[in-house]
Amino acid sequence: MKIVVDENIPQAREAFESFGELIFLNGREITNKVLRDADVLLVRAVTKVDEELLRRTKVKFVATVTSGTDHVDINYLKKNKINFADASGCNSYSVAEFVISAIAHIFSKNNFPFQGKTIGVIGVGNIGSKVVRFADALGFDVLMNDPPLQRTLGSQNFVSLDDILQCNIITLHTPLNLYGRDKTFHLIDEEKLNRIKSGIMLINTSRGEVVDNLALKRRLQTKNDLITILDVWEREPAIDYKLLEKIDIGTAHIAGYSLEGKVKGTEMVYKKFCEFLSTKTPGNKLSRTVNEWEPKYSSIADSIISIKEENNFEKMLNEIIKQIYDIKTDDKLLREGIKLEKQNQSKHFDELRKNYCARREFNNYTVKLNFTDEETKRKLKALRFKVI
């Protein structure tokens, strides 16, 4: 069995080497020619999986170790009886924690209180639902917009997009749908951007194309009155560095890049591949390797964070998070691309993703409070910190 693998999938060798020959490639260099005699394809979001990539190949199993699947032509796979698996939800905590990190940084820097502020969450799936839970625990008034989910559950808990645009924070967690009833391509277009009031925080960690980047750049160049956090961009990796210069925080599509999120993606795809083999080759020696691989995580040297009493919860939370993950470091690294020649900027973006640090999720850390405050404990525990 020949398995073509994106070289940036963590622990892929350990998980899949017992099944056959592994061919590791940069995800942007996986081509139809490479796949001609391959049986399995394992990708991340940078590889466009469609007829052009797969025609006249032997591939019978395709998997992406990502939550999003807009880079995969699922209808083509179904039509050609190619089994498909994704890792939906694998990095949901990672992205939700990134959003909280960004909010804590901005609110602490500007002395904004969480209490009394509204946050509008667009898309309430694996990630958005966790953002809702975290934000509610921190004292925000939370509004939700998700038309497909609203049609399933009813309108009681959801509001219109117009209502969301009036919130103090707008955060996007939708899939990228290019067409149809629930189209999200340029969901936040020039007209909607013009309706967003001055001082609002706009966060996009979904897909770059959900926000019209050119329209956003025009808004910021003329008024420069929004607090903007972008982790995703149109035309990645050839992002608009002029837009980057205008926003408050910019990162290289790494919101979901916690170590747990990445390894969980591999684990989920591994299990689905084992299920596929068990169905297709009952009793075969390959099926006997099913579920033998277990993911491994490195230990954390400083997992206990000591905090002295701080009257300002927003500043305290920001200090706790900074000891785990400083979002401004990722912002600084991406901005190094501004001074590069244009032809090297895309490579810089990809290199930041390829060589990303081993960021760990909140639940790995214990916060030691040198004071007694049950409300602070409750909030930190809601973010999955252990508290002593």
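**A pocket and its charged pair**

Tutor: The second largest pocket has a volume of about 450 Å³. It is lined by 18 residues, and A45, D70, H71, R207 and E209 are the ones closest to its centre. Before we go further, please keep in mind that this is a predicted model, in which local features need pLDDT of at least 70 and side-chain atom pairs count only at pLDDT 80 or more, while totals for chains, interfaces and linings use all residues. Residues are numbered from 1 along each chain as its sequence is written, and side-chain values use heavy atoms, with hydrogens and water left out.

A pocket here is an open set of points on a 1 Å grid over the protein atoms alone, with protein on both sides within 12 Å along at least five of seven lines; a cavity is a set where a 1.4 Å probe fits but cannot get out, and lining residues have an atom within 4 Å of a point. A volume is the space filled by probe spheres set on the points, which are joined across faces, edges and corners.

By class, the lining of this second largest pocket comes to six nonpolar, five polar and seven charged residues (nonpolar: Ala, Val, Leu, Ile, Met, Phe, Trp, Tyr, Cys and Pro; charged: Asp, Glu, Lys and Arg; polar: the others, Gly among them).

Two of the residues closest to the centre of this pocket are R207 and D70, and their side chains meet in a salt bridge at 2.8 Å, N to O (a side-chain nitrogen of Lys or Arg within 4 Å of a carboxyl oxygen of Asp or Glu). This pair links distant parts of the chain, 137 residues apart: R207 sits in the loop between β9 and α10, and D70 in the loop between β4 and α4 (74-79). Helices (H or I, at least four residues) and strands (E, at least two) are DSSP runs numbered from the N terminus. R207 has a relative accessible area of 14%, so it is buried, whereas D70, at 28%, is partly exposed (buried is under 20%, exposed over 50%, partly exposed in between, with a 1.4 Å probe and protein chains only).

How many salt bridges does the structure hold? There are 23. One of them pairs D39 with K58, their closest N and O atoms being 3.9 Å apart. Because D39 lies in the loop between α2 (32-35) and β3 (40-43) and K58 in the loop between α3 (51-54) and β4 (61-64), this pair ties together parts that are 19 residues apart in sequence. D39 is partly exposed at 22% relative accessibility, and K58 is partly exposed at 45%.

K328 and D331 give a local example, with their side chains meeting at 3.2 Å, N to O, in a salt bridge. Both residues belong to helix α14 (residues 327-335), three residues apart, or about one turn of the helix. K328 is partly exposed, with a relative accessible area of 29%, while D331 counts as buried at 3%. Elsewhere, E97, E361 and R384 are linked in a network of salt bridges.

The largest pocket has a volume of about 1,000 Å³ and is lined by 50 residues, with S67, G68, I127, T174 and P175 nearest its centre. Helices α6 (126-138), α7 (147-153) and α12 (259-280) each supply at least two residues of that lining. Its classes are 17 nonpolar, 22 polar and eleven charged residues.

The largest cavity contains about 50 Å³ of space, and its lining is made up of S94, E97, F98, S101, Y325, R359, R360 and F362. These divide into three nonpolar, two polar and three charged residues.
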